[in-house]
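Please keep the sequence and the three-dimensional view at hand while reading.

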Amino acid sequence: MSTAVDIVAPGTDPEGLDRFRALEARQQPAWPDADALAAVAARLSGAAPLVVPAEAELLTQRLAAAGRGEAFLLQGGDCAETFADASATRIRNKVRTILQMAVVLTHGASTPVVKMGRLAGQYAKPRSSDSETRDGVTLPAYRGDMVNGHPFTPADRAPDPRRLEQAYRISAATANVVRAFTRGGYADLRQVHEWNRGFMRNPAYSRYERTATEIDRAIRFMEACGADFDALRTVEFYLSHEALILDYERALTRVDPATGRAYDTSAHFLWIGERTRQLDGAHVEFLSRVANPVGVKLGPTTAPADAIALAERLNPDNVPGRLTFVARMGAGRVRDVLPAVVEEVTAAGVAVTWVTDPMHGNTITSDSGFKTRRFADVLDEVTGFFEVHRALGTVPGGLHMELTGDDVTEVLGGSEEISDDGLALRYETLVDPRLNHQQSLETAFQVAEMLTRQSR
């Protein structure tokens, strides 16, 4: 592969961290005050890291195991976090949903699950247009709370770099809440019944309760045999977000004094979106310079050569677990497009963990005008992803979902049969529709069955 930039091992060239500034950076805000942005970036550069390098390195090992079929990645959370919803209750509900899904997957498929949230940093989103027009008034598009406000007013929609600091502070608080829940006993596997309290009864919850009962029985048996279950009290839980706003990511990048390698300490895992994965673009350049495990979203226009070139650029030493490809093809395209990409990447000897994002390729507008998805399409893309890997003898390594722990009504279908009319009941997202709690559990049961068939 021939590029205009030097290819070095990720994290080993701290002096090259700013080379992305000379390249095209798509999906960036038009900050109105460069001096204010520079001042914010300087303050963030001196702020405490949100994660530490040792955790990022451990995640690389866990993702390598998922790439070999020895574990499975479950990554979930909001399409875009909001400052207003960063309460302990909402964070707990998201963590609980991921823990419940992980229990279903582990129990149903006898597979260790790597748990990762789209949490503590998912405050920016790419947009199809830089502006939005209503009633003849044109304002900047809403790019997430890290950049501007959602209300359609000139003051709210003006990009404000002070929001980067607010995003950092709320992300730090969110990370602390997540650690408290996952390390303070709330995630204890002996609490599987407690996690389900407060939800109405439906087939997904009833099925979960049966799984919880079976886990209880197994734990009681092992306790009677003298087993020590202190390890059940805590879980590893990793933080991730799309590395979209490069001024924020660069400001939170630190050089580990123990190794001399550079890490983006805003999260354990960062990914590059479908709209910003240009090989000669700023996002690929920047993430090629940090040592975190990274992902790339691959849409239906992805050619096998694109994926191979990205792997060479982002993981030149072919380190297992460093690179994750997140396929987001759409239910109608995944069986046609993904096989050639997987086949040629595999033939090239690329070490990669394959993950499916069945959300972003299946967005529609309902008759009533809501941006939504059909739950059946989401499950169909997951099914297609597994079918492709089964046919090729490769490993389906994970699931990347937009979900919430609340009983919202944003995705059509599921056991509650949310209809077009029902979307208006609790449609709360500001950007993309999310699976609610029961739809998330339904997905976990379906994926557990697919994993079981895959192992056979």
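## Basis of the report

The structure is a predicted model. The descriptions that follow are computed from that predicted model.

## Packing of α1 and α5

Two packed helices are described by the angle between their axes and the distance between the axes. Helix α1 and helix α5 (residues 162-183) pack at an angle of about 25°, and their axes are 8 Å apart. That angle makes α1 roughly parallel to α5. On the side of α1, the residues that meet α5 are Leu-37, Val-40, Arg-43 and Leu-44. Their partners in α5 are Arg-162, Leu-164, Glu-165 and Tyr-168. By class, this contact of α1 with α5 has five nonpolar, no polar and three charged residues.

Leu-164, found in helix α5, deserves a separate description. With a relative accessible area of 2%, Leu-164 is buried, because buried means under 20%. Leu-164 and Val-40 are 124 residues apart in sequence, yet their C-alpha atoms are 7.5 Å apart in space. When neighbours within four places in sequence are left aside, Leu-164 is in contact with Trp-31, Leu-37, Val-40, Leu-44, Met-146, Ile-245 and Tyr-248.

How do α6 and α12 lie relative to each other? The axes of helix α6 (residues 203-224) and helix α12 (residues 437-455) come within 9 Å and cross at roughly 55°. The two helices are therefore oblique to each other. The crossing in which α6 passes α12 is left-handed. From α6, the contact is made by Ala-204, Tyr-205, Arg-207, Tyr-208 and Thr-211. From α12, it is made by His-437, Gln-438, Leu-441, Glu-442, Phe-445 and Glu-449. The residues of this contact of α6 with α12 divide into five nonpolar, three polar and three charged.

Helix α9 (residues 304-314) and helix α10 (residues 334-347) have axes that come within 8 Å and cross at roughly 45°. These helices, α9 and α10, are therefore also oblique to each other. The crossing of α9 and α10 is right-handed. Here Pro-304, Ala-307 and Ile-308 in α9 meet Ala-340, Val-341, Glu-344 and Val-345 in α10. By class, the contact of α9 with α10 has six nonpolar, no polar and one charged residues.

## Aromatic pairs

A pair of aromatic rings is described by the distance of the centres and the angle of the planes. A search of the whole structure finds seven aromatic pairs. One of them is formed by Phe-20 and Phe-286, with 5.4 Å from centre to centre and 75° between the planes, an edge-to-face arrangement. Phe-20 lies in the segment before α1 (34-45) and Phe-286 in helix α8 (residues 282-287), so this pair ties together parts that are 266 residues apart in sequence. Are these two residues buried or exposed? Both Phe-20 and Phe-286 are buried.

Aromatic residues also form a cluster. Phe-72, Phe-385 and Phe-386 belong to one aromatic cluster.

## A buried arginine

Arg-157 is found in helix α4 (residues 154-157). Its relative accessibility is 1%, and Arg-157 therefore counts as buried. Arg-157 and Val-147 are separated by 10 residues in sequence and by 8.5 Å in space, C-alpha to C-alpha.

Which residues is Arg-157 in contact with, leaving aside its neighbours within four places in sequence? They are Glu-132, Arg-134, Leu-139, Pro-140, Ala-141, Tyr-142, Asn-148, Gly-149, His-150, Pro-151 and Phe-152.

Most residues other than glycine have a negative phi. Asn-318 has a positive phi of about 55° although it is not a glycine. Asn-318 is placed in the loop between α9 and β10 (323-327). At 31% relative accessibility, Asn-318 counts as partly exposed.

Glu-417 likewise has a positive phi, near 55°, in a residue other than glycine. Its place is in the loop between β15 (411-412) and α12. With a relative accessible area of 64%, Glu-417 is exposed.

Key: Residues numbered from 1 in each chain as written. Predicted model: local features only at pLDDT ≥ 70, side-chain atom pairs only at ≥ 80, totals over all residues. Heavy atoms only, no water. Phe/Tyr/Trp six-rings, centres within 6.5 Å; stacked < 30°, edge-to-face > 60°. Helix = DSSP H or I, 4+ residues; strand = E, 2+ residues; numbered from the N terminus. Buried < 20%, exposed > 50% of the residue type's maximum accessible area, 1.4 Å probe, protein only. Axes fitted to C-alpha atoms, helices over the stretch in contact; angles between N-to-C directions. Parallel < 35°, antiparallel > 145°, perpendicular 65-115°, else oblique. Left-handed = near helix turned anticlockwise from the far one by under 90°. Contact = heavy atoms within 4.5 Å. Nonpolar A, V, L, I, M, F, W, Y, C, P; charged D, E, K, R; others polar.
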